[in-house]
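Work through the exercises below with the sequence and the structure open beside you. Try each task before reading its solution.

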Amino acid sequence: MKCPVCGKIEDKVIDSRLAKDNTVIRRRRQCLGCLKRFTTYERIEEVLPYVIKKDGRREAFDRRKIVEGMLRACEKRPVSVDRIEAVADSIEQDLMEKSEKEISVSYIGERIMEALQNMDDVAYVRFASVYRSFRDIDEFIREIRELYELKETRTDQNLEHGSIDDNQGSQYSP
Ligand SMILES: [Zn+2]
């Protein structure tokens, strides 16, 4: 460690102790050049942000929660565990790259919904309904209606172009 006084690299550790709830090691060092003493702190690099929940509490990021939430939404749906794991990986990677200290739980929720929307409509609505349940039931109904409308628009367009709608036989019960 470069000495803050003379710039020499060589030093010796003269004292080492745990600090801050045992998450930091504080080292007292002595420069072998000018004999000045200085302190360094060593801590675990926290690359993943804390998640701020809807009630304001913070908790450590937990990749398993993403996987569990998606598994529940994808129950009996043709979505492989591999694809779910891949989504969790990509969200985790994204958070590492953002390297922010805190992230709102809704950011993660939106990312999951985005992924599910491209994977399976039923899983998407299931997840969205649970995830957004803190709002109201209208939200859920609106969500389904929007999906229907999207499909209807698609069908109309397909008919205009004389092609067959591959989304025939909607999975939803009214
Ligand atoms: Zn020095």
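Predicted model: local features only at pLDDT ≥ 70, side-chain atom pairs only at ≥ 80, totals over all residues.

**Exercise 1. Layout**

Solution: 
- Step 1. The protein has 174 residues, of which 13% count as buried.
- Step 2. Take the contacts between residues at least 6 apart in sequence: 43% of them join residues at least 24 apart.

**Exercise 2. The sheet containing β1**

Task: Find the strand order of the sheet that contains β1, and describe how β1 is joined to β2.

Solution: 
- Step 1. The order is β1-β2-β3, in an open sheet of three strands with antiparallel pairing.
- Step 2. β1 (11-19) and β3 (37-43) are the edge strands, each pairing on one side only.
- Step 3. On average, neighbouring strands in this sheet are turned by 25 degrees against each other, direction ignored.
- Step 4. β1 and β2 (residues 24-31) run antiparallel and are joined by eight bridges. Among the partners, R17 is bridged to R26 of β2, and L18 is bridged to I25 of β2.
- Step 5. The two strands β1 and β2 make a hairpin with four residues between them. In that turn, K20 has a positive phi of about 45 degrees.

**Exercise 3. The sheet containing β4**

Task: Which strands flank β4 in its sheet, and is the pairing of β4 with β6 parallel or antiparallel?

Solution: 
- Step 1. The strand order is β5-β4-β6, again an open sheet of three strands, here with mixed pairing.
- Step 2. β5 (58-60) and β6 are the edge strands, and each of them pairs on one side only.
- Step 3. Neighbouring strands of this sheet are turned by 35 degrees against each other on average, direction ignored.
- Step 4. β4 and β6 run parallel, with three bridges between them. V51 has I103 in β6 as its bridge partner.
- Step 5. Helix α3 lies across β4 and β6, and runs at about 60 degrees to β6.

**Exercise 4. Helix α2**

Task: Check the span of α2, then work out which residues it buries and where they sit around the axis.

Solution: 
- Step 1. Helix α2 (residues 81-98) has 18 residues, which at 1.5 Å a residue should span 26 Å; the end C-alpha atoms are 26 Å apart, so the two values agree.
- Step 2. The buried residues in α2 are I84, V87, A88 and L95.
- Step 3. These residues cover an arc of only 95 degrees around the axis, and therefore lie on the same side of α2.
- Step 4. The other side of α2 carries the exposed residues D82, A86, Q93, M96 and E97.
- Step 5. Packed against the buried residues of α2 are α1 (63-73), β6 (102-104) and α3 (105-119).
- Step 6. After α2 comes S99, with a positive phi near 40 degrees.

**Exercise 5. How α1 meets α2**

Task: Describe the packing of α1 and α2 by distance, angle, handedness and residues.

Solution: 
- Step 1. Two packed helices are described by the angle between their axes and the distance between the axes.
- Step 2. The axes of α1 and α2 come within 9 Å and cross at roughly 145 degrees.
- Step 3. The crossing of α1 past α2 is right-handed.
- Step 4. From α1, the residues R63, I66, V67, M70 and L71 meet I84, E85, V87, A88, I91 and E92 of α2.

**Exercise 6. Helix α3**

Task: Repeat the span and burial analysis for α3, and name elements that cover its buried residues.

Solution: 
- Step 1. α3 has 15 residues and reaches 21 Å from its first C-alpha to its last, close to the 21 Å expected at 1.5 Å a residue.
- Step 2. I108, I112, A115 and L116 are the buried residues of α3.
- Step 3. Their arc around the axis is only 100 degrees, which puts them on the same side of α3.
- Step 4. E110 and N118 are exposed on the other side of α3.
- Step 5. The cover over the buried residues of α3 includes β4 (50-52), α1, α2, β6 and α4 (121-131).

Conventions
Residues numbered from 1 in each chain as written. Buried ≥ 20, exposed ≤ 12 C-beta atoms within 10 Å, placed from the backbone. Contact = placed C-beta atoms within 7 Å. Expected span 1.5 Å × (residues − 1). Arc of directions from axis to C-beta. Pairing = 2+ DSSP bridges. Axes fitted to C-alpha atoms, helices over the stretch in contact; angles between N-to-C directions. Left-handed = near helix turned anticlockwise from the far one by under 90°.
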